[in-house]
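Please read the points below alongside the coordinates. They are meant as a colleague's note.

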Amino acid sequence: MACRLPTQLATPGKLHHPHHTKLSTCHGVLSWRRTLATDALCSSTPSSSTALSVNSHKRPLVTCTARTNVGAVNLAPGTPVRPTSILVVGATGTLGRQIVRRALDEGYDVRCLVRPRPAPADFLRDWGATVVNADLSKPETIPATLVGIHTVIDCATGRPEEPIKTVDWEGKVALIQCAKAMGIKKFVFFSIHNCDKHPEVPLMEIKYCTEKFIQESGLDHLTIRLCGFMQGLIGQYAVPILEEKSVWGTDAPTRIAYMDTQDVARLTFIALRNENLNGKRLTFAGPRAWTTQEVITLCERLAGQDANVTTVPVSILRVTRQLTRLFQWTNDVADRLAFSEVLSSDTVFSAPMTETYNLLGVDSKDIISLEKYLQDYFTNILKKLKDLKAQSKQTDIYF
């Protein structure tokens, strides 16, 4: 996908950069694939410059190709860009909003790229951020959001109802190309831990391809791989248990080292200020890896009540994925169900953090544990419920 630039930025020709000299064998196309032959990579045509074919072991794996020749760029000195100017992409998401709050607290000038929506993101403006409307699936809307920006922090991901490749691949390629063309000084990309080990899962393969695309683009960048967010466990387990509703789980042995997004945001800005980490890839993981059943048991203990657990065997997810792959209009569902392949592989989404803490100058004791996070949540919620019951009794009227 070629990025459409303003006329004063785009001129005929190729974008020349010292790091691109070895990529000319494919006619100006930046391509990367671990198992694809070179001649296959060079077979791309302009009409298919960004190609993704998503498959499991019976189908070809994801093929990530994209053009880098977005046009020569005039990088002559102009108005200086403040190092504190940041664009957060995906600012309304679970991680994005914590990145915005942390950046504002640390004195950064924050601009948020938000898709046009019926309910405007007023809370971002209330915090002190600037909100601009753009859509990664519409590349022509991207360049204007990058004017005057020093650093781009990409927290965006596609909506559940969207094809995975629309935002997470094609949109990200357009964003990276525009960032390079407009002279962005630093690009922070959030990926998934172990994404390079699961090419059968479309989203994880796309994340790995995006990592390589950023690396080959020549942008100064920082890649951060994440394992899982504690915040997601509230709606998935804590709330249903309190409301005595069904809790859905699997019999998978997968273990995930969940991390508080506030800790992720704090560590991100520490890493961003460390010039020695430029071009590096870090993994952020919580203090301990948990299975689904262990998380449910912890929630039951803290809530003081049993959960109504409905267990879905991973084998059922696999069969469902195979069925949804039979029809073109359900392929996107099949792509998302591909995580069942990961769940059934006894994977541990965790990583040693000692070296990372040393690099960042962080004490491991300052990283919140899942026990502490959920304990604080249940303590606050149960206290509010007791207060509501007390107030309701005080307002009873007797005749």
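The numbered points cover the chain as a whole, its sheet, its core and its cysteines.

1. The model is predicted. The chain has 399 residues, and 50% of them are buried. Its secondary structure consists of 13 helices and 13 strands. Taking contacts between residues at least 6 apart in sequence, 76% join residues at least 24 apart.

2. Sheet. An open sheet is built from 7 strands in the order β5-β4-β3-β6-β7-β8-β11, with parallel pairing. Its edges are β5 (130-133) and β11 (281-284), each of which pairs on one side only. From one strand to the next, the twist averages 20 degrees.

3. The β6-β7 pair. Strands β6 (residues 151-154) and β7 (residues 186-192) run parallel and are joined by 4 bridges.

4. Helix α2 (residues 96-105) lies across β3 (85-89), β4 (109-114), β6 and β7, and runs at about 160 degrees to β4. Helix α4 lies across β3, β6 and β7; its angle to β7 is also about 160 degrees.

5. Nonpolar core. How many residues does the largest nonpolar core have? The count is 97, and the residues with the most contacts inside this core are Ile-99, Ile-153, Phe-187, Phe-190, Phe-284, Leu-370 and Leu-374. Helix α4 (residues 164-181) gives the most to the core, with 9 residues. The core lies between domain 1 (80-226) and domain 2 (228-259 + 286-349 + 368-383), because both give residues to it. As general background, nonpolar side chains in soluble globular proteins tend to be buried together.

6. Phe-284. This residue is among those with the most contacts inside the largest core. Leaving out residues up to four places away in sequence, Phe-284 touches Ile-224, Arg-225, Leu-226, Cys-227, Met-259, Val-264, Leu-267, Thr-268, Met-353, Thr-356 and Leu-360.

7. Cysteines. The structure holds 0 disulfides. For Cys-155, the nearest cysteine sulfur is that of Cys-112, 9.6 Å away. Is Cys-155 buried or exposed? Cys-155 counts as buried because its relative accessibility is 16%, below the 20% cut-off. Cys-227, one of the residues that Phe-284 touches, has a relative accessible area of 13% and is therefore buried as well.

Note on methods. Residues are numbered from 1 along each chain as its sequence is written. This is a predicted model: local features need pLDDT of at least 70, side-chain atom pairs count only at pLDDT 80 or more; totals for chains, interfaces and linings use all residues. Side-chain values use heavy atoms; hydrogens and water are left out. A nonpolar core is a set of buried Ala, Val, Leu, Ile, Met, Phe, Trp, Tyr and Cys residues joined through side-chain atoms within 4.5 Å. Buried means under 20% relative accessible area, exposed over 50%, partly exposed in between (1.4 Å probe, protein chains only). Helices (H or I, at least four residues) and strands (E, at least two) are DSSP runs, numbered from the N terminus. Domain bounds come from an automatic or database domain assignment. Contact means heavy atoms within 4.5 Å. Two strands pair if DSSP finds at least two bridges between them. Axes are lines fitted to C-alpha atoms, for helices over the stretch in contact, and angles run from 0 to 180 degrees between N-to-C directions. A disulfide is a pair of cysteine sulfur atoms within 2.5 Å.
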